[in-house]
Amino acid sequence: MAIVEIQGLTKVFNGRKAVDDINLTIEKGEIFGLLGPNGAGKTTTIAMLSTILPPTKGTATVDGCDIRRQPKEVRRVIGIVPQDVALYDDLTAAENLAYFGKLYGAVGERLKKRTDELLRLVQLKDRTKDRVKSFSSGMKDRLNLAVGLIHEPRLLFLDEPTTGLDPQARQAVWEMIKKLQAEGASILLTTHYMEEADYLCDRVAIMDDGKIIALDSPAVLKKSIGKLEVIEVKATGIPRTLLAKLRKLRGVKEVVQTSEGLRLLSPTADAILGQVVGLITSKKVRIDSLNVAQPALEDVFIKLTGRTLKD
Amino acid sequence: MRFLTITVKELRLWMRDRHALFFTFALPLLFITVFGLAFSGDMGKIDVIVVQEDDSPLADNYVFALNVVFDVTRADSAAAAENDVLDGEKVAAIIVPEGFSENAAPVRLIYDETKQEISSIVMRTLEGVTMGFLGQQPPISAESVSGKQLDPFQFIVPGMAVMFVLMIGGIGGAESTIKERDKGTFKRNLLAPIGRASYLAGKLLSHFLIGCMQLAVFFGVGILLFGMSVYGSLLLVALIGALVIILAVGLGLLVSSFVHSQEGASSAVMALVLPMSALGGLWFSIEMMPGYMQSIAQILPTYHAQNAFTAVIMRGKDLAAIAPSVLALAGFVIAVLVAGLLLFKWEE
């Protein structure tokens, strides 16, 4: 059973296609990842699915309800956790939850029970009656997530849920997402952290320039790029000419510059390692570390576009 | 009825904002008290200097008459008196010259033109006293029209009420929407399965209720604490009040669609409401202004609100008598509200 079916969804802003004729089905109970660099069209897609942005062309159904014709029904099904915290600072944690719960039509004992449940889930039970303005940013993030869950949504949209979090906090959010899936929710997640998608998602769609350029499970996607290995080079001050030289090297499929240094895709990583090191040192670039690894989802994007996600 | 959830939330946030509470209730009450008391009681006589150079009994009597209408200080020479006026110590000096009794020399008035209003009162009073004294005009027989006591609170309470309801409704209404946009809660509200109409109804109702509380407190304090009488119907007062509150709520809505920062919203509302209050006669009666300014005043909603309020409160007029002002006010209410609703921005 599908929870989301997207048919030919398109959004044009000032003549530019932000989302270009995408087709997609998300199954019930799935964690589905939407990956891509900034501006790829992820946020626009989510905005259309959440009925706050009308599509230029095409449509989609969420749990059988059309996003154009039945926006209220769609909104009842979906829970949205915005990337930036959206809460009332002068209301308490419980009041924020109760307010949004009531907007979704929850009342009385059921609302109270759900509020308690969520406060426990996000570990804010002891801060129930404190105003949000006294919270740390981590606590606000957790309450922000809880508010998105107050009406027991069948489909949850998480927009960059771990951006700006430290590794420990990120791990905690990941565990929570897994837990929500175990409770039966379907989740649509946007991220530009490939390892996040790799760890969490059952399937991912990679978006670039408004289009879906790859769609499958992380494992299959990684296999799809062939028997490639990755040479990760950590170094600073790499000149552009070096990239061109490396690209011409026999056995190198793709080279991109990352925030930390270089990433080379090659079917014969071990064999060309010496040449790579030689070329880099000949340009007087000091190598901080060198590593041969199995491809990650990031490399799928590199292989497909010749760019990294941060570009 | 989900808009009531929004109304309750808005009121709760408002009650937790001490700053807002101060501006909503305490500041206006302070204004009402200070202005009401300042205008209460006798105006007090104006201080003038009198130099009597003619010592005939006629001149003695004339100076005695001046003593009745002015607070007279005697001086010996015209030069000294003129100096006092020049230094700003007294508003005017009246010189009764030699030959006054023989009608050979006119009374001289030396006045300070920088204190125009008081000077002109002195001048006219002096003219009156002098003419009457010389037997050229019969003494005045004064009769008050209504037979009712002048009570400055009957003017100050509605005046300050209109000004502060417009100010708080405008600023509060605009700020709450702008703040929601900044915080991202605006989008979160719209993502819930409520209609746009419910969202706006919830917001506007909360600000309408705040305005009602303001009017209840201001008129309550005026009537119960300061003994202000309302000669006309309280229902009419409530009707005019309701129109003013809706105008304020509409103003807030309209401002929120043009201004994007909270500071900008309060500046914009102040820039609109303060001049409208002064010109519309909320601070003092517009009869004190020149004719063309009075004409401008009559195109302002503040003027019509105050006009209708004072007609009911001071003169006990009925609906038919205040209908023109009520209709003008209603016209403003509809125009502002419709513009606010049409221009409201639903995008982030």
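A salt bridge is a side-chain nitrogen of Lys or Arg within 4 Å of a carboxyl oxygen of Asp or Glu. The model discussed here is predicted, so local features need pLDDT of at least 70 and side-chain atom pairs count only at pLDDT 80 or more, while totals for chains, interfaces and linings use all residues. Residues are numbered from 1 along each chain as its sequence is written, chains are lettered from A in the order in which they are written, and side-chain values use heavy atoms, with hydrogens and water left out.

Over all chains, the count is 26 salt bridges. One of them joins the side chains of B:Lys9 and B:Glu10, at 2.9 Å from N to O. Both residues are buried (under 20% relative accessible area; over 50% is exposed, and in between is partly exposed, with a 1.4 Å probe and protein chains only): B:Lys9 has 3% relative accessibility and B:Glu10 has 7%. Salt bridges with shared partners link B:Lys9, B:Glu10, B:Glu180 and B:Lys203 into one network.

In chain A, A:Glu232 and A:Arg263 form a salt bridge whose closest N and O atoms are 2.9 Å apart. A:Glu232 lies in strand S11 and A:Arg263 in strand S13 of chain A, so the pair ties together parts that are 31 residues apart in sequence. Strands here are DSSP runs (E, at least two residues), as are helices (H or I, at least four), and they are numbered from the N terminus. A:Glu232 is partly exposed at 26%, whereas A:Arg263 is buried at 12%.

B:Lys90 is buried yet has no salt bridge, and B:Asp47, the nearest side chain of opposite charge, is 5.2 Å away. B:Lys90 is in the loop between helix H4 and strand S3 of chain B.

The two chains also meet each other. In contact (heavy atoms within 4.5 Å) are 27 residues of chain A and 21 residues of chain B. Together the chains bury about 2,300 Å², 59% of it on carbon and sulfur atoms; buried area is the accessible area (1.4 Å probe) that two parts lose on being put together, summed over both. A:Tyr88, A:Tyr99 and A:Leu103 supply 26% of the area that chain A buries against chain B, more than any other three residues. Between chain A and chain B there are three salt bridges. One salt bridge pairs B:Lys183 with A:Asp89, with the closest N and O atoms 2.6 Å apart.

How values were computed: Lys, Arg positive; Asp, Glu negative; His and termini not counted.
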